[in-house]
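Work through the following exercises with the sequence and the model side by side. Try each task on your own before you read its solution.

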Amino acid sequence: MKKKVLALLLALAMVLALAACGGKDDGGKDNDAPSTGSSDAQQPPAAAKTVKVGLICIGDENDQGYTYNFIRGKDAATEALKAKGINVDWVVKWNIGEDSGCEDANIELAEEGCQLIINNSFGFEPFMLKVAPDYPDIQFVACTNQASWNDGLENTHNAFANIYEGRYLAGVVAGMKLQEMINRGELAPEQAVIGYVGAFSFAEVISGFTSYFLGAKSVCPTVTMKVQFVGSWSDATEEANAAAALCDMGCIMISQHSDNTTPATTAQSKKAFHTGYNNDMIGVAPEASLIGTRIDWSVYFEYIIEAVANGESFDQDWCHGMDQGAVVMTPLNEDIAAEGTAAKLAEVEEQIRSGKLQVFDTGAFTIDGAVLENAFALDTDGDFAPDSEEAVFDGAFHESHFQSAPYFALRIDGIEWLNEEWG
């Protein structure tokens, strides 16, 4: 009898053991119970967020300059955001004029459901500001502009970058080449003349060519500059004509604040050297183009699109430079650059990043023979930084310190304006 009871007890124990173990997988997890662990295999993937973004462009990517640079930024930001689980649905408007067509483009993008609309040209802002009040839930951005940050609207924004830092570095590269030619006896000191193709004669362009000149002068003390304005951001023919005229005046080096590659190709045809803007132009002018600088718009695009995706606000007035990688240099053409240029470039770039070097150091230039001691960040039309703010302090003119848009509009010695084409 005791044996039968014992046998029954053993059988019951085995049944209970099997019941306890049979409901588990090899890892010891209960197949019937809901998972509370952190294993990715047990959690459904998070749904990706999608942001619909409109981009209004003054040109198209075939210009290989200004608009092409924006498209590079768009594509790089898209990839970076995808890695963060944010998809971007882009709607791009190409070849839009700085006229009522821009107003129409902003309306069309708003009606198509864009949550964020980016305008990429200076002359777009007035038309954007006509539309923005009617769509308070949509964020509007005017790149390279200055009115949106203090217009009283919460959904308008300005953005720029400290491109003058990159232009200063490009000037250093140009100056080193000119000084090398002087040292070799290929050029008399007074023949170190730079020709600059500018779009319009207002602060953004003036700031750019002045910083470029100061970079060149820092390594080639005898350098001078001639500036020819073309009255357009993007006119390939006029840019080429201006570059040709400057070369014919004796300019050995050509640079530009214009949207196309024609100044580079013209410089090469005239046996001059060149430094570019917005794109690496070595491919179109390998015997002339030394280096270029550009704004990396992906830094800003990633920042604002991520903010919109997460329902967060973002800066109404944004500006950064080499400190955040928003200003970069294109590759150096070491086949034609002066010896030691790469090392010098790295040295000066680090000085700019650290703040040791101030591009507009007031000891580096004069105005009508006098050293600048005090100046306001106010242009004659009152369009830039408020006149209550002094732009000059700690021995330097602090460009884009009070707002993102450049406001350096001083005419310094050593730079000759051949015409005055106001925007």
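This is a predicted model: local features need pLDDT of at least 70, side-chain atom pairs count only at pLDDT 80 or more; totals for chains, interfaces and linings use all residues.

**Exercise 1. The whole chain**

Task: Find how many helices and strands the protein chain has, and what share of its residues counts as buried.

Solution: Begin with the secondary structure, which comes to 10 helices and 17 strands in the protein chain. Next, turn to burial, where 52% of the 423 residues count as buried. The accessible surface of the chain comes to about 19,000 Å², and 50% of that surface belongs to carbon and sulfur atoms. Finally, consider the contacts between residues at least 6 apart in sequence, of which 66% join residues at least 24 apart.

**Exercise 2. A pair of helices**

Task: Describe how helix α2 and helix α9 pack, and say which residues meet.

Solution: First locate the two helices, α2 at residues 66-82 and α9 at residues 298-309, whose axes lie 8 Å apart at an angle of about 50 degrees. Since angles from 65 to 115 degrees count as roughly perpendicular and those under 35 degrees as roughly parallel, this angle makes α2 oblique to α9. The crossing of α2 past α9 is right-handed. Then list the partners: in α2 they are Phe-70, Gly-73, Lys-74, Ala-76, Ala-77, Ala-80 and Leu-81, and in α9 they are Ser-298, Phe-301, Glu-302, Ile-305 and Glu-306. Sorted by type, the residues of this contact give 7 nonpolar, 2 polar and 3 charged.

**Exercise 3. A threonine in a loop**

Task: Is Thr-144 buried or exposed, and which residues does Thr-144 touch?

Solution: Thr-144 sits in the loop that joins β4 (139-143) to β5 (156-161). Its relative accessible area is 4%, and because buried means under 20%, Thr-144 is buried. Leaving aside residues up to four places away in sequence, Thr-144 touches Tyr-66, Ser-121, Phe-122, Ala-159, Phe-160, Glu-204 and Trp-297. Ala-161 is 17 residues away from Thr-144 in sequence, while their C-alpha atoms are 8.1 Å apart in space.

Note on methods:
Residues are numbered from 1 along each chain as its sequence is written. Side-chain values use heavy atoms; hydrogens and water are left out. Axes are lines fitted to C-alpha atoms, for helices over the stretch in contact, and angles run from 0 to 180 degrees between N-to-C directions. Helices (H or I, at least four residues) and strands (E, at least two) are DSSP runs, numbered from the N terminus. Angles under 35 degrees count as roughly parallel, over 145 as roughly antiparallel, 65 to 115 as roughly perpendicular and the rest as oblique. A crossing is left-handed if the near helix is turned anticlockwise from the far one by less than a right angle, and right-handed if clockwise. Contact means heavy atoms within 4.5 Å. Ala, Val, Leu, Ile, Met, Phe, Trp, Tyr, Cys and Pro count as nonpolar, Asp, Glu, Lys and Arg as charged, and the others, Gly among them, as polar. Buried means under 20% relative accessible area, exposed over 50%, partly exposed in between (1.4 Å probe, protein chains only). Accessible areas come from the Shrake-Rupley method with a 1.4 Å probe; for residues, only the protein chains shown count as cover.
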